Amino acid sequence: MSTSSVSKGCFVFKPSAKKKKKTTALSLEDHFLHACEGDENRELRFHLCHDLWDKIKTNTEALQDELNRNILDSLLDFTRKCSSTRRHSDWASQMRASEIPTAALVLGVNVPDHDMTFKSLSDLLQQSVTPHVASVQAKECGALKHLMKRVLERLMDTVVDDDDDEEEEEEAEQAGAPLNKAVHCSLGTLCAWYNAKTKKSNLGTPGKKRSSPASDDSQPPPVVIIFKDLEAFNPKVLQDFILICSRYVQRLPLMFIFGIATSPSTIQHMLPHSVSSLLCIELFQSLSCTQHLATVIDKLILTPQFPFKLNGKVMQVLISIFLYHDFSVRNFIKGIQLALLEHFHSQPLSVLCCKKEAALLNVMQLGHLDLERIRKLQSFKRYVEKQEAQEQVNLFTDDSHLKGVCQKLIKDLRKYHKNYYPILRCLHTLTSSLPRYPLGKQIRELHLICLEKNIWENEEYQSAMKLLKMMAKDQLIGLLQRCEEILRPVKSKKMNRALVQLEDLLAKFKQLDIAAEPPPPSVEDRITSPVKDLQKKTDLFQLQKALLEMNESRRSKKLSPFEALRNEALEFIDSLVKSHLSPPESQALNEVCYYASSATVRRHLNAAPRTSIQAALSSPYYYLQNERLQTADGLVSNAAPDICIVYKLHLECGRLINLYDWLEAYATVVSAAEGDEPGSDSFGKVDDVRHARFIRAVSELEFLGFIKSTKQKTDHVARLSWGGC
């Protein structure tokens, strides 16, 4: 846009928000292929990665919809109920009709996940209840007129007259874009538009049935306004908006939905009684984010459906970020996708991380370089060490023989995953019922233990087995029946054999009930009688002797049929654990499917801004790629940006920095960069330009938080950061 002026000046032209931004960024595929340049199978790796990415995304969205189904259905019922209440003529209904129906939807502190929930809610409302739905956020509604404008624009799908939009309208007219006639920004305009809409909808087209989300012709559809982040709204703006809406509630069937992240008491804190009394509020509580995460891990990670896996350290990083940062399931899934992309980018053998049939086919297409990479894998070396001498020679020299062995190892890895997860669920079913949860309350905790080492060598596992040996019959039978339900749908030969053995054990337990034997004395009864005798003996020697005799009697006492069968069942479970819950590192070629770089994931997802800023200021060459800036470690070139020079000089100072000394040191460095001779009069001289550059660099350091002004000395600043990056 051009302009003319008599005098020189600076003119600001706001860009139109409706213009589409032209992006020149490379696509994900271009980045991936460029980063893997030189690899023969890079395109195949990208397509495999992209397919898995899409599959994870699709499954996640379906899972989110399933988890939110109950709360969304409740909200839909509430909307229909509030809409039908307006039709009744009794006194109570009329009193409720004078209030604005409001759903307080408590979603939890996992704010990044709220967008998907509100999108699903808005779509469902438009499909089955009303076409008039508007969603607003606090960041776009700083003032009352902005809030009113956003609501009207999204309900009426038109341009709302506002002084701030004059420039946008002018640009749209110059571009020749079709522009609707602007309407006045008021609820009276919305009422007139709504009456015209509903009247037109009721009349409909002659000979055709009206198709509207509202099923009853006499029932006008409500106008739903969704406040996505209630806590972030300006309370005064919200109060004024509710007061204005309350005056139109008889003419306009309004309904509010408040998205709350913290507590329902937020409404009381933000709205005084005179305003909140105008609302008819009903509370809705969504699933907690920890329950959400448990379901996502169960469906996406603890399943053989996806060949890509995370090792224990990466899992721990993702769970720690979830628990100690944002509670966001969406960001947790983004972490999985990041690990997926990094795995296929950094591991050339990831072409084997796919479905079994495709992986077996890809093995036969591996080149000599890829086969050499397989020979260098630590898990493959351990496998080779267990083979005979001639087999070892064949594996390291014969490529065709190695391909056949790799196919067998890929099949074994798939079988390992197929058997691992059912046994993991069975063990969790048994141990999660124990007091104090020795192996964790959540299955993810048990999974992390199994990923790190042999779980049967863990002290908590051994204590859990001891507690299981003291479990009552009814409780143990119930847990074993749940294990039977877990194993039944698994299509695996080993799991089928385990299922048959478990059914035999359950049949034996039922036979014990049929046999009319007196119940064996409980552990409490057997312990109580010796304890009564011990209470009479106050001598320490006699007490120790009695305890030893009690221990010996327990060992020599003959087990009852139930105790013997209980031990047999637990020994069977223990054998399954030792057979199928070994760590993934024990499996050959596990590096093909498992991503293990936890440091990379932590660096991308849990970035440290201060460290990044210090690295940029200390080593500007790595960011600017200017050869003049390349220096030895610990030094900064005198040709570096001013802020880098000022930062380097401030590292040499103490707690308080003298501004004049700092300026003189800066001028000396800059003079050398500008080519001044050390003995000349201009060398190290502070002129107006250098003074201004220094002030700007110091202001930038203050903005970044490295220094601050101090009242101790007027010509000094205080240093705030210590230690390098």
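This talk covers the salt bridges and the cavities of one predicted model.

First, the ground rules. Numbering starts from 1 along each chain as its sequence is written, and side-chain values use heavy atoms, with hydrogens and water left out. Local features need pLDDT of at least 70, and side-chain atom pairs count only at pLDDT 80 or more, while totals for chains, interfaces and linings use all residues.

Salt bridges, then. I mean a side-chain nitrogen of Lys or Arg within 4 Å of a carboxyl oxygen of Asp or Glu. The whole structure has 18 of them.

Take Arg-330 and Asp-115. Their closest N and O atoms are 4.0 Å apart. The pair links distant parts of the chain, 215 residues apart: Arg-330 sits in helix H14 (residues 329-346), Asp-115 in helix H5 (residues 114-128). Helices here are DSSP runs of H or I, at least four residues; strands are runs of E, at least two; both are numbered from the N terminus. Arg-330 is partly exposed at 34% relative accessibility. Asp-115 is partly exposed too, at 37%. Partly exposed lies between buried, under 20% relative accessible area, and exposed, over 50%, with a 1.4 Å probe and protein chains only.

Next, Lys-508 and Glu-568. N to O, this salt bridge spans 3.5 Å. Lys-508 is in helix H23 (residues 493-514) and Glu-568 in helix H26 (residues 561-580), so the bridge ties together parts 60 residues apart in sequence. Lys-508 is partly exposed at 37%, and Glu-568 at 36%.

There is also a network: salt bridges link Glu-372, Arg-375 and Asp-399.

Now the cavities. A cavity is a set of points, on a 1 Å grid over the protein atoms alone, where a 1.4 Å probe fits but cannot get out; lining residues have an atom within 4 Å of a point. Points are joined across faces, edges and corners, and volume is the space filled by probe spheres set on them. The count is 3 cavities of 30 Å³ or more.

Helix H12 (289-301) and strand E6 (309-310) each give two or more residues. By class, that lining has 9 nonpolar, 1 polar and 1 charged residues. Nonpolar means Ala, Val, Leu, Ile, Met, Phe, Trp, Tyr, Cys and Pro; charged means Asp, Glu, Lys and Arg; the others, Gly among them, are polar.

The second largest cavity holds about 100 Å³. H5 and H12 each supply at least two of its lining residues. Among the lining residues are Asn-68, Asp-113, His-114 and His-292.

Terms used:
1 Å grid on protein atoms, 1.4 Å probe; cavity = no way out; pocket = protein on both sides within 12 Å on 5 of 7 lines; lining within 4 Å.
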